[in-house]
2 protein chains.
Amino acid sequence: MKIGILGTGMVGATIGNKLLQLGHQVKMGSRTANNEKAMKWVSENDASASQGTFSDAAAYGEVVFVCTKGEGTIDAIKAAGADNLNGKIVVDVSNPLDFSKGMPPSLYPALSNTNSLGEEIQKTVPGAKVVKTLNTMNCILMVNPTMVPGEHDQFICGNDEAAKAAVTDILKSFGWTSIIDLGDITGARATEMLLPIWVRLMMKFQSPQFNFKIVK
Amino acid sequence: MKIGILGTGMVGATIGNKLLQLGHQVKMGSRTANNEKAMKWVSENDASASQGTFSDAAAYGEVVFVCTKGEGTIDAIKAAGADNLNGKIVVDVSNPLDFSKGMPPSLYPALSNTNSLGEEIQKTVPGAKVVKTLNTMNCILMVNPTMVPGEHDQFICGNDEAAKAAVTDILKSFGWTSIIDLGDITGARATEMLLPIWVRLMMKFQSPQFNFKIVK
């Protein structure tokens with residue numbers, strides 16, 4: 001499958017590498033073409049990896065992963081372009097974390113509680129099928145669930161059932177076996193609000209190697 | 001031990017009953033003495049159970065549990081009185097849930113993200129030792145961890161280490177074996193922000209019989 005990735009940081013590169021391993025073709029997008037990190041990532045991979053602008057990556061992908069820092073997500077979506085994302089599956093992995101006051105971060109008030117970054121993306125590109133997932137963990141764990149032993153959970157939400165089913169297939173190809181569907185995209189409020197305890201636990205354990213499990 | 005409970009709802013009655021079973025003496029407090037629910041609770045128990053105003057319950061308890069609805073918590077604390085709570089352990093079980101826009105609730109913005117109900121109580125009664133715990137689950141589970149099979153977690157936070165140790169002993173007497181200390185009272189931001197996903201999971205499962213586990 002042709003997949004676009006918005007964002008050239010560790011999250012984008014990690015997901016991009018996993019998708020390449022699984023046989024997909026991946027274009028990494030940034031604010032400008034020939035971004036240094038994107039070029040490095042392309043140089044480390046075969047011809048299935050390419051790079052360009054946010055708009056290039058969005059136009060390229062049948063599925064587009066949003067792997068930007070939360071503060072830049074909406075600008076990246078606007079730069080990607082509503083026309084390029086129309087009708088496509090947009091997988092939002094980002095979080096509205098505000099690090100401006102130091103650690104631990106808070107969430108941007110306008111993007112939490114009664115809103116979420118997932119919903120804001122959906123409002124920004126109404127024609128896209130936004131699916132929120134993977135945002136409640138470290139990026140290594142996102143693509144390698146066995147990094148944490150035993151059973152633990154992946155969350156997913158979004159308005160379009162077929163899009164969620166397609167993303168669930170991708171998650172399964174990453175190795176996820178327990179995927180909890182929280183319903184429509186407003187479920188992003190709930191998973192993004194897991195970040196405050198995630199960050200505190202990460203600081204306590206001095207490791208991101210843990211995950212949530214819902215025990216019934 | 002003499003324990004005060006602020007709140008006459010299901011949470012207060014459930015915790016009160018457990019404390020009585022464990023041999024403690026418990027005074028349930030409400031806005032007014034002789035509250036109908038408090039009188040009923042007293043009538044169902046032996047002489048170890050008593051009732052009165054918030055102030056009466058706070059003056060009585062060596063430890064005081066806050067079991068009010070979040071919207072009424074700070075008023076209850078003020079009515080309990082800083083003098084009655086000075087130097088005492090105040091166990092905050094409440095959540096800043098705003099049900100005014102229906103289900104699922106949001107959190108009161110002034111009491112979340114960069115603040116919390118636990119912190120607001122601590123600011124309201126600086127001389128008290130506020131410990132936040134038990135707020136991330138149904139009240140039956142609070143006092144009966146085996147309601148959910150297997151291993152799962154209780155969270156605790158607060159500024160006073162000795163107070164947390166004393167509350168940890170109470171939690172152990174309830175049956176809790178895995179108790180995660182999130183540090184000072186600002187950790188209440190993290191555990192109160194678990195409520196949005198808790199409520200959505202409860203709606204999905206049509207049952208409150210579940211809990212969080214941190215898998216490492």
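## Basis of the model

Residues are numbered from 1 along each chain as its sequence is written, while chains are lettered from A and ligands numbered from 1 in the order in which they are written. Since the model is predicted, local features need pLDDT of at least 70 and side-chain atom pairs count only at pLDDT 80 or more, whereas totals for chains, interfaces and linings use all residues.

## Overall build of chain A

Chain A holds 10 helices and 11 strands, where helices (H or I, at least four residues) and strands (E, at least two) are DSSP runs numbered from the N terminus. The radius of gyration of chain A is 16 Å, close to the 17 Å that the globule rule gives for 216 residues, so chain A is as compact as a globular protein of that length; the radius is taken over C-alpha atoms, and the rule is 2.2 Å times the number of residues to the power 0.38. Along its principal axes, the C-alpha trace of chain A spans about 45 × 35 × 35 Å.

Of the 216 residues of chain A, 55% count as buried. A residue is buried if 20 or more other C-beta atoms lie within 10 Å of its own, exposed if 12 or fewer, and partly exposed in between, with C-beta atoms placed from the backbone. Among contacts in chain A between residues at least 6 apart in sequence, 72% join residues at least 24 apart, a contact being two residues whose C-beta atoms, placed from the backbone, lie within 7 Å.

## How the two chains are related

Chain A can be laid on chain B by a turn of 180 degrees and a shift of 0.0 Å along the axis, with an RMSD of 0.0 Å; the two copies are thus related as by a two-fold rotation axis. The superposition is by least squares on the C-alpha atoms of residues with pLDDT of at least 70 in both copies. The same surface serves both copies, as 97% of the contact residues of chain A recur in chain B. Of the residues of chain A, A:Lys213 comes closest to the rotation axis, with its C-alpha at 2.5 Å.

## A covered strand in chain B

Strand β4 of chain B (residues 63-66) is covered on both faces, with B:Val63 and B:Phe65 buried on one side and B:Val64 and B:Val66 buried on the other. Strands pair if DSSP finds at least two bridges between them. Strand β1 of chain B (residues 2-6) runs parallel to β4(B) and is joined to it by four bridges, and β4(B) also pairs in the parallel sense, over four bridges, with strand β5 of chain B (residues 89-92). B:Val63 stands opposite B:Ile3, and its bridge partner in β5(B) is B:Ile89.

## Backbone details in the loops

The peptide bond from A:Met103 to A:Pro104 is cis, with omega near -15 degrees, and A:Pro104 lies in the loop between β6 (97-98) and β7 (106-107) of chain A. In chain B, a cis peptide bond joins B:Met103 and B:Pro104, with omega about -15 degrees.

Although A:Leu134 is not a glycine, it has a positive phi of about 70 degrees; A:Leu134 lies in the loop between β8 (129-133) and α7 (139-142) of chain A and is buried, with 27 other C-beta atoms within 10 Å. B:Gln206, also not a glycine, has a positive phi of about 55 degrees. B:Gln206 is placed in the loop between α10 (195-205) and β11 (211-215) of chain B, and with 7 C-beta neighbours inside 10 Å it counts as exposed.
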